Amino acid sequence: MAGTSPAITVRGWLAPPIAVIGVVLLLSASAAYAEGTASRPWLDPALLAAAKAEGALVVYSSTNEQEGLPLFKLFTDATGIKVDYVRASDAILMSRMTIEFRADQKSYDVLQTATINKMPLQMLAAYEPPEAAHILPQARDPNKRWYGVYANYNTPAYNTEKVKASELPKSYEEFAQHKEWAGKVAIDGTDNEWLKAILQYYGEARGTELVKTIVAALKPVVTDGHLAMARATGAGEYWVSLNNYVNLSMNVRLAGGPIDVWPLDPVTLFFGQVGVNAKAPHPNAARLAANFMLSQECQQFLAKFGRLPTRADVAANPPGIIERLTQKKIIIVLMSPDEERKWQRQFDQLFKGR
């Protein structure tokens, strides 16, 4: 386990190496940002006292360390609570938490991934953070097990140096007309939410035929990892992402990459979520952290990286991007594990021929 500050430690399974200089700079930036924050409505004094008595917080997260570590330094600076940050992919976290739950292990306190809605209810504590009153109604679980920290919209993206804006398809039907893009189009191999939204919007028969036509004409490269695909599109390795998470495309754009999105009907939406472990070893610290992650302070910080807020009082970055997205038909996709397996099989059959 590598120490990253006196108050934050980081662990991970199959996590990528950390760029030390970048993390130090971001940690310094987060400290300056924390000093400039005059008011913290999320910081309930009674809950803070109980959380400080517990003395620590363990976070499981799929958010990369370059964002997650400085974010939770804000929490530590405000509370004095030591954070142990454990980063891995959604799939690895889900598998590990299932094993730990069955073994009755009290291993982590709060979870931040895009897959909490797929977890059994008994693994998560029912909790309604006060800051949840300020987020989108669609980003609040009726069972009070998870809440949306950021909105994960899905759209195509393109390299602005390889493709002219005037050449962009105005609908998914028009993609197949661009056979000159064959082999230069990519899609992540887990985009089953996008596929479900396409078939819901077009109808199962028409939607399936549409995807088959696109695959036959463009021969999309099936990639592994949405951030890697966004970076590859920004670098020109791919000219077009048939679909990707808008916040990741914006992350590359904000770093100077020649990439942009163009929303088409339908725009798929799900959420980066926060939830509290039903067996949290530090339950008060977990509830305080969940409230923090829904706060204006947290979402303003994440917006610096292009993540799109679930709060109306936080400006999107770049400005106007949410307005561009919501002009289209938004389809929210939140699937159970059985549904996900079904749609993943269908995705594999269409894009991988198996």
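Predicted model: local features only at pLDDT ≥ 70, side-chain atom pairs only at ≥ 80, totals over all residues.

Colleague: Start with helix 3 and helix 10. At what angle do their axes cross?

Modeller: Roughly 150 degrees. Helix 3 covers residues 65–79 and helix 10 covers residues 296–303, and their axes come within 11 Å.

Colleague: What does that make their relative orientation?

Modeller: Angles over 145 degrees count as roughly antiparallel, so helix 3 and helix 10 are roughly antiparallel to each other. The crossing of the two is right-handed.

Colleague: Which residues make the contact?

Modeller: Helix 3 brings Glu67, Pro70, Leu71 and Leu74. Helix 10 brings Glu297, Cys298, Phe301 and Leu302. By class, that contact of helix 3 with helix 10 has 6 nonpolar, no polar and 2 charged residues.

Colleague: Now helix 3 and helix 9. How do their axes sit?

Modeller: The axes of helix 3 and helix 9, residues 283–293, come within 11 Å and cross at roughly 120 degrees. Helix 3 and helix 9 are therefore oblique to each other. Their crossing is right-handed.

Colleague: And who touches whom there?

Modeller: From helix 3, it's Leu71, Phe72, Leu74, Phe75 and Thr79. From helix 9, it's Ala285, Leu288, Ala289, Phe292 and Met293. The contact of helix 3 with helix 9 splits into 9 nonpolar, 1 polar and no charged residues.

Colleague: Switching to voids. How many cavities of 30 Å³ or more are there?

Modeller: The search of the whole structure finds 4. The largest cavity holds about 60 Å³ of space.

Colleague: What lines the largest cavity?

Modeller: Its lining includes Ser61, Gly68, Leu71, Phe72, Tyr150, Met293, Leu302 and Arg307. Helix 3 and strand 6 (147–159) are the elements that give two or more residues to that lining. Helix 3 gives the most, with 3 residues.

Colleague: What about open space, say the second largest pocket? How much space lies in it?

Modeller: About 220 Å³. Of its 13 lining residues, Met94, Ser95, Thr98, Pro120 and Met123 are the closest to the centre of the second largest pocket.

Colleague: Which element gives the largest share of that lining?

Modeller: Helix 4, residues 90–102, with 7 residues. The whole lining of the second largest pocket divides into 8 nonpolar, 3 polar and 2 charged.

Notes
Residues numbered from 1 in each chain as written. Heavy atoms only, no water. Axes fitted to C-alpha atoms, helices over the stretch in contact; angles between N-to-C directions. Helix = DSSP H or I, 4+ residues; strand = E, 2+ residues; numbered from the N terminus. Parallel < 35°, antiparallel > 145°, perpendicular 65-115°, else oblique. Left-handed = near helix turned anticlockwise from the far one by under 90°. Contact = heavy atoms within 4.5 Å. Nonpolar A, V, L, I, M, F, W, Y, C, P; charged D, E, K, R; others polar. 1 Å grid on protein atoms, 1.4 Å probe; cavity = no way out; pocket = protein on both sides within 12 Å on 5 of 7 lines; lining within 4 Å. Points joined across faces, edges and corners; volume = space filled by probe spheres on them.
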